[in-house]
Amino acid sequence: MQTMGNQDSVYRVYSVAEIRAIETDALAMQADAGNADTMSLMQKAGLAAAHLAAELLTQAHAKILVLAGPGNNGGDAFEVAALLSAQGHVVHVLQCGETANYSSDALSSRHKAQAQHVQFIDTAILATLPADWALIIDGLFGIGLKQAPEGSIASLIRDINKLAAELAIPLLALDVPSGLNADTGQVTGADGIAVCATHTISFIGNKTGLHTGAGRDYAGEVSVATLDIPANFFPPGKARLNTAASLKGILQPRKQNSHKGSYGDVIIIGGASGMVGAAILAARAAQFSGAGRIYCGIPGVIPLAPSYDSLHPEIMFRSPEDMDFHNHHVVIGPGLGTSASVQALLTKAIKSAKTLVVDADALNLIAADAALAHLLAARTAASVLTPHPLEAARLLQQGVAEVQADRLLAARKLAQQLNTVVVLKGSGSIICEANGDLSINTTGNPALASGGTGDVLAGVTGALLAQGCTAAEAARIAVWAHAYAADELVAQGVGPIGLTASELLPVIRQNLNLLTKR
């Protein structure tokens with residue numbers, strides 16, 4: 001990711017309403033300045049996009065297709081077309097709006113494109129042209145889209161997506177891929193369609209929807225152009241991207257004068273019949289993530305429960321029914337089951353654990369028992385919940401589709417209701433605090449869509465809590481390190497198909513040590 005302008009703004013992510021407010025203030029500032037020579041925001045957007053387009057082009061006099069929609073996003077497209085044509089490229093513009101309906105700024109940019117001999121075409125002409133485009137630019141719809149593209153526009157998007165994919169043509173979206181909801185990261189409309197971009201240049205500020213849900217599939221590589229808007233125009237906001245840079249300084253280098261007691265005791269509780277591996281995976285993850293001592297508590301109702309881990313004998317096995325949780329950091333849920341006996345263990349953990357990570361079956365138990373939910377919400381010590389969308393839906397008593405339709409809202413509701421830090425897993429995992437502050441994770445890939453990876457994440461989170469991180473810090477670091485491990489392994493040719501949860505462990509260890517480097 002790169003930014004053009006205010007550097008800090010690239011790590012903040014904004015809602016459409018926040019972007020609109022910044023834009024309004026910036027336009028008012030321009031009007032007050034009264035300088036006719038000042039570039040408009042549309043001109044600045046076009047210039048920034050033209051710079052990025054030039055980086056994507058590998059040849060002079062390249063043939064470029066620009067899609068211009070009916071609003072100001074179309075005006076941005078005209079501006080880019082004019083600038084690229086002035087650089088000697090052969091630019092064709094497919095205009096999808098009535099000329100008379102454009103704003104004065106958009107009309108000015110259209111006239112500029114005409115003056116630069118941009119070729120305006122319609123869909124009939126487009127169909128007759130060779131598909132040897134060096135670049136396609138999407139300026140159909142921006143952040144103001146309220147309904148799914150339909151009719152001829154939907155057909156155009158479908159055809160452009162197919163063409164770009166088949167011929168490996170770079171596809172640059174202006175502000176947001178057309179058809180994608182800039183707030184939620186989901187395609188607009190139940191049966192909607194969106195431009196599948198290889199690159200997106202986000203104007204003014206970064207948009208939440210570019211980084212979670214379907215946004216990561218449709219936005220491609222995201223750049224941010226702040227359009228020279230002063231930094232003080234950007235509110236602190238309640239959402240940021242979760243990146244390695246944002247995590248630096250939280251984990252400190254270990255002191256020479258330390259011992260295993262310095263890094264906390266973690267208890268992993270889980271492992272119903274047939275699911276013991278889930279608890280062991282979480283325990284191993286805690287071991288690789290630096291906890292001082294790890295206890296694996298397999299409930300006594302499990303016949304032939306293991307008494308040690310032959311691969312990692314450092315892990316100690318205990319009966320959780322006999323353990324005192326008060327001075328321990330408890331991870332409960334991996335492979336736990338939902339029997340009455342484990343429900344009693346969950347009650348005990350919520351009441352007494354020094355810090356608590358609630359995962360998997362423990363989440364389902366809470367979803368089914370209002371008393372457990374109230375007990376969790378009343379906790380004053382640090383707690384982290386790690387639901388996937390189905391588990392979050394059960395906790396919120398709504399459908400999975402509703403959770404996924406607005407992942408940020410779902411995470412905020414859950415964090416507030418249960419007074420805890422919530423990790424809503426998925427593409428662009430969301431880490432949300434009870435006060436509504438959230439981070440959207442930037443790492444990870446489909447290799448994590450396999451059994452056991454969630455158990456590993458829970459174990460890493462517990463180990464970081466044991467080492468003194470706050471609940472939010474532990475969740476943010478764990479999510480980043482866990483997902484980045486998958487990125488590194490895929491880059492080495494291990495996955496995404498067939499990557500196993502166990503393979504993540506040594507790479508997570510490397511990533512955590514990386515964060516301690518000054």
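Me: Before we start, what counts as a salt bridge here?

Reply: A salt bridge is a side-chain nitrogen of Lys or Arg within 4 Å of a carboxyl oxygen of Asp or Glu. The general idea is that side chains of opposite charge can pair when their charged atoms come close. Keep in mind that this is a predicted model.

Me: Thanks! How many salt bridges does a search of the whole structure find?

Reply: The search finds 8. One of them joins the side chains of Asp132 and Lys63, at 2.5 Å from N to O. Asp132 sits in the loop between helix 5 and strand 6, while Lys63 belongs to strand 3, so the pair ties together parts 69 residues apart in sequence. Lys63 is buried, at 15% relative accessible area.

Me: Are Lys207 and Asp175 buried or exposed?

Reply: Both are buried. Their side chains form a salt bridge at 2.7 Å, N to O.

Me: And which parts of the chain does the pair Lys238 and Asp437 link?

Reply: Their side chains meet at 2.9 Å, N to O. Lys238 is in the loop between strands 10 and 11, and Asp437 is in the loop between strands 19 and 20, 199 residues apart. Lys238 is partly exposed, at 40% relative accessible area, and Asp437 is also partly exposed, at 27%.

How values were computed: Residues numbered from 1 in each chain as written. Predicted model: local features only at pLDDT ≥ 70, side-chain atom pairs only at ≥ 80, totals over all residues. Heavy atoms only, no water. Helix = DSSP H or I, 4+ residues; strand = E, 2+ residues; numbered from the N terminus. Buried < 20%, exposed > 50% of the residue type's maximum accessible area, 1.4 Å probe, protein only.
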